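Here's a quick briefing on a ligand site and the pockets that go with it. Have a look at the model first, then read on.

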Amino acid sequence: MAYFLAVANRKGGVGKSTTAVMLAHSLAAWGRKRVLVVDLDAQCNSSMILIGGQGWSDARNKRTTIADYFFDLYDGVMPDMKDYLLPSVGDVAAPGRAGVTLICGSLLLEDVQGELYLKESSQSKDPEVVSRRVQGRVKQLIKRFETDFDVVIMDCPPGLSFAALGGLQLANKVVVPFRPDYVSQFAVDRIAMLIEDKGNLEAVTSVPKEQRRYVALANFVEPTGQDRQFIELIAEDHPMLATQLPLNPAIAKSFSWLPQKRSIEEKYGAVASDVRKLYDELALLTGL
Ligand SMILES: Nc1ncnc2c1ncn2[C@@H]1O[C@H](COP(=O)(O)OP(=O)(O)O)[C@@H](O)[C@H]1O
Ligand SMILES: [Mg+2]
């Protein structure tokens with residue numbers, strides 16, 4: 001059985017895609033795992049980092065993106081699931097059978113979800129029932145990948161699409177990257193309520209931190225008192241990784257795709273030790 005890891009936050013630009021890809025490379029290169037990245041965000045950033053613009057364009061033309069996967073398989077038709085998988089992606093070398101495979105993101109994901117919703121509407125007129133059914137079906141479709149992989153990493157969009165909700169429900173653990181600023185505090189509260197399925201923050205905080213399904217990760221951290229204060233404030237209410245990712249151009253640079261593989265230390269350069277710390281802490285927390 002695969003371990004399902006989601007990277008999510010209701011806010012954009014906090015480092016979700018960066019973290020998803022960082023964890024994918026770490027788990028493959030250091031953890032020797034077979035990793036699947038599922039790009040659930042119509043922004044397609046993790047796909048861009050892993051296969052570059054041309055690769056993404058090819059996947060669109062061949063109709064092998066996540067939108068095609070959901071659309072084609074929704075009715076239970078069984079085309080070969082492997083057709084949608086792009087193996088050995090990214091620019092980091094991994095040992096043996098380990099490596100990163102991608103289900104490519106799609107700009108059309110939201111449109112496809114609208115179509116699935118319409119299909120389901122013929123069965124029921126209750127919008128609540130229809131939404132639940134689409135979400136449940138999307139969740140099942142993602143779950144089908146568990147036999148071929150050790151870890152499935154879902155890069156979630158900031159919006160509440162069916163795919164994001166299904167992914168969040170499926171996740172054994174959700175990593176919530178945030179920027180230490182005023183808005184982030186509320187963004188972390190909101191995603192925590194969604195993940196823990198609680199109506200308010202008090203209900204979330206009544207669940208012991210170690211029992212919660214998510215963990216926050218401070219990103220873009222600068223060595224200032226202000227950043228430290230924001231992080232401490234968020235850590236009062238939420239489980240938080242001790243590892244913090246610094247604001248560093250080496251992280252921004254790791255966003256760009258290179259055609260040839262290299263070592264993970266080489267890819268992350270000046271921040272390789274931070275990436276290693278994140279991997280070690282998360283591996284310990286999840287048992288991966
Ligand atoms: N710690 C960091 N230091 C510098 N740049 C970063 C850092 N984390 C992310 N970035 C950059 O910030 C931008 C947004 O990151 P991204 O992962 O796309 O966020 P999200 O997926 O949450 O929208 C990207 O250009 C990325 O390279
Ligand atoms: Mg993103």
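A residue is near a molecule if one of its heavy atoms lies within 4 Å of it. By that cut-off, 16 residues surround ligand 1, and G13, K16, T18, N219 and P246 are the closest. This is a predicted model, where local features need pLDDT of at least 70 and side-chain atom pairs count only at pLDDT 80 or more, while totals for chains, interfaces and linings use all residues. Residues are numbered from 1 along each chain as its sequence is written, ligands are numbered from 1 in the order in which they are written, and side-chain values use heavy atoms, without hydrogens and water.

**Around ligand 1**
- Helix 1 (16-29) gives the most to the shell, with three residues; helix 10 (249-253) supplies at least two. Helices here are DSSP runs (H or I, at least four residues).
- A polar side-chain atom of N219 sits 2.7 Å from a nitrogen atom of the ligand.
- A backbone N or O atom of S17 is 2.9 Å from a ligand oxygen atom. Polar contacts are pairs of N or O atoms within 3.5 Å.

**The largest pocket**
- Ligand 1 takes up the space of the largest pocket, which holds about 330 Å³.
- Of its 19 lining residues, G13, G15, T18, F220 and F255 are the closest to its centre. Lining residues have an atom within 4 Å of a point on a 1 Å grid.

**The second largest pocket**
- Its volume is about 260 Å³.
- S88, R97, A98, G99 and V100 are the closest to its centre, out of 18 lining residues.

Note on methods:
A polar contact is a pair of N or O atoms within 3.5 Å; within protein, one must be able to donate a hydrogen and the other to accept it, and residues adjacent in sequence count only if both atoms are side-chain atoms. On a 1 Å grid over the protein atoms alone, a cavity is a set of points where a 1.4 Å probe fits but cannot get out, and a pocket is an open set with protein on both sides within 12 Å along at least five of seven lines; lining residues have an atom within 4 Å of a point. A molecule sits in a cavity or pocket if more than half of its atoms lie within 2 Å of its grid points. Grid points are joined across faces, edges and corners, and a volume is the space filled by probe spheres set on the points.
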